[in-house]
Structure formats: structure tokens, C-alpha cells
Amino acid sequence: MPGRVEGKVAFISGAARGQGRAHALRLAQEGADVIAFDAVAPVPSQGAPAASPEDLTETVRLVEALDRRIIARQADSRDLAALTRLVDDGVAEFGRLDIIVANAGVTAPQPWNQISTQDFRDVLDINVTGTWNAAVAGAQHIIDGGRGGSIILISS
């Protein structure tokens, strides 16, 4: 059913499951096409089991079942070059970018005084730098489109 974002395109990080999948499905229900990615690989400091390639494939299936288009890839939010390539490919395919949902994130599940330096770096790199990378990878496309847009930074 067409809705508030009919004909728009959304770029979503962490889209293989959970909140990221929910954002992809809701935006697709409202009429948007989707450019999506997820690391689908374990991060040692991650507080939950990692999403799998099958999870990302299921997100694709669910978006397509809503009669919307989706480009989805395995990518790590810490890799700006990979995100930029994905967004560029998505814009080449769909013709525009209107929405960025920077959703990917991890948490160190240990008590604060047991978090290793590497775990802390992973959390910062994914939750802060990865969020920045998702915004940077797509923001210029939104600006160049001249239609306005939204950059949504999610945290849980």
C-alpha cells in the first residue's frame, strides 16, 4: 500500500534483522525502495549473536514480497568505501536517495570494568564511526537530489 514515502529510496544499516529489518519493512510498506546492508559477521564484543547472510536474504525476500525493490549487501559500517560503493550503486539503480537510517550498532555485554580495550574500540567504531560513515556515504546524494530528505540516527 502506498504511503508517506512512496517513490523514495532509503539507505539502511544493520538491516539483516531486528530494528534494521523492521525499518526496511516499514519503509517498504510506506512505498520506499531500499538500499540495505549488514555486517552479517560476528564482532567479538557484540552482545548478541551476529546476523547471518540468511537473515539478510530474508530481509530481501520480505521487502520484495511488499512489491518494493531492494539492493542488499554484506558490508561493515566501519568501511566507508564499501558503504559509498553500495549507495552509489543503489542510486544508479533507483535514481535517487531520500532517507538514511543509520541503525547498525553493538554493545559490550560485560560489566563496565570487564570491557577490554578492543571491545570498547569495536563499540565506538561501529556505533559512532559506523553511524557517521552511513550518513557520509549517502548525504551528498540527498543534497544533490534537491528534494530534501531525512537522516535518522537510531540507538537502542
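Ser-13 lies in strand β1. The model discussed here is predicted.

Visitor: Is Ser-13 buried or exposed?
Guide: Buried means under 20% relative accessible area. The relative accessibility of Ser-13 is 3%, so Ser-13 counts as buried.

Visitor: Which backbone nitrogen does the side chain of Ser-13 reach at 2.7 Å?
Guide: Residues touched by Ser-13, leaving aside those up to four places away in sequence, include Phe-37, Val-101, Asn-103 and Ala-104. At 2.9 Å, the Ser-13 side chain reaches the backbone nitrogen of Ala-104. At 2.7 Å, the backbone nitrogen reached is that of Asn-103.

Visitor: Which element supplies the largest share of the largest nonpolar core?
Guide: This core has 18 residues, and among those that touch the most other members are Phe-11, Leu-83, Leu-86 and Val-87. At least two core residues come from each of β1, β2, α3, β4 and α4. The largest share, 6 residues, is supplied by α3.

Visitor: How many residues does the second, separate core have?
Guide: Members of this second core include Ala-10, Ala-36, Val-63 and Ile-70. The core is separate, and its residues number 16.

Visitor: What is the accessible area of the nonpolar patch formed by Leu-80, Trp-132 and Val-136?
Guide: Leu-80 belongs to helix α3, residues 80-94. Patch residues need over 30% relative accessible area, and Leu-80, at 31%, is partly exposed. Together with Trp-132 and Val-136, Leu-80 forms a surface patch with an accessible area of about 290 Å².

Note on methods: Residues are numbered from 1 along each chain as its sequence is written. This is a predicted model: local features need pLDDT of at least 70, side-chain atom pairs count only at pLDDT 80 or more; totals for chains, interfaces and linings use all residues. Side-chain values use heavy atoms; hydrogens and water are left out. Patches are made of residues with over 30% relative accessible area and no salt bridge: like charges are joined within 9 Å, nonpolar side chains (Val, Leu, Ile, Met, Phe, Trp, Tyr) within 5 Å. Accessible areas come from the Shrake-Rupley method with a 1.4 Å probe; for residues, only the protein chains shown count as cover. A salt bridge is a side-chain nitrogen of Lys or Arg within 4 Å of a carboxyl oxygen of Asp or Glu. Helices (H or I, at least four residues) and strands (E, at least two) are DSSP runs, numbered from the N terminus. Buried means under 20% relative accessible area, exposed over 50%, partly exposed in between (1.4 Å probe, protein chains only). A nonpolar core is a set of buried Ala, Val, Leu, Ile, Met, Phe, Trp, Tyr and Cys residues joined through side-chain atoms within 4.5 Å. A polar contact is a pair of N or O atoms within 3.5 Å; within protein, one must be able to donate a hydrogen and the other to accept it, and residues adjacent in sequence count only if both atoms are side-chain atoms. Contact means heavy atoms within 4.5 Å.
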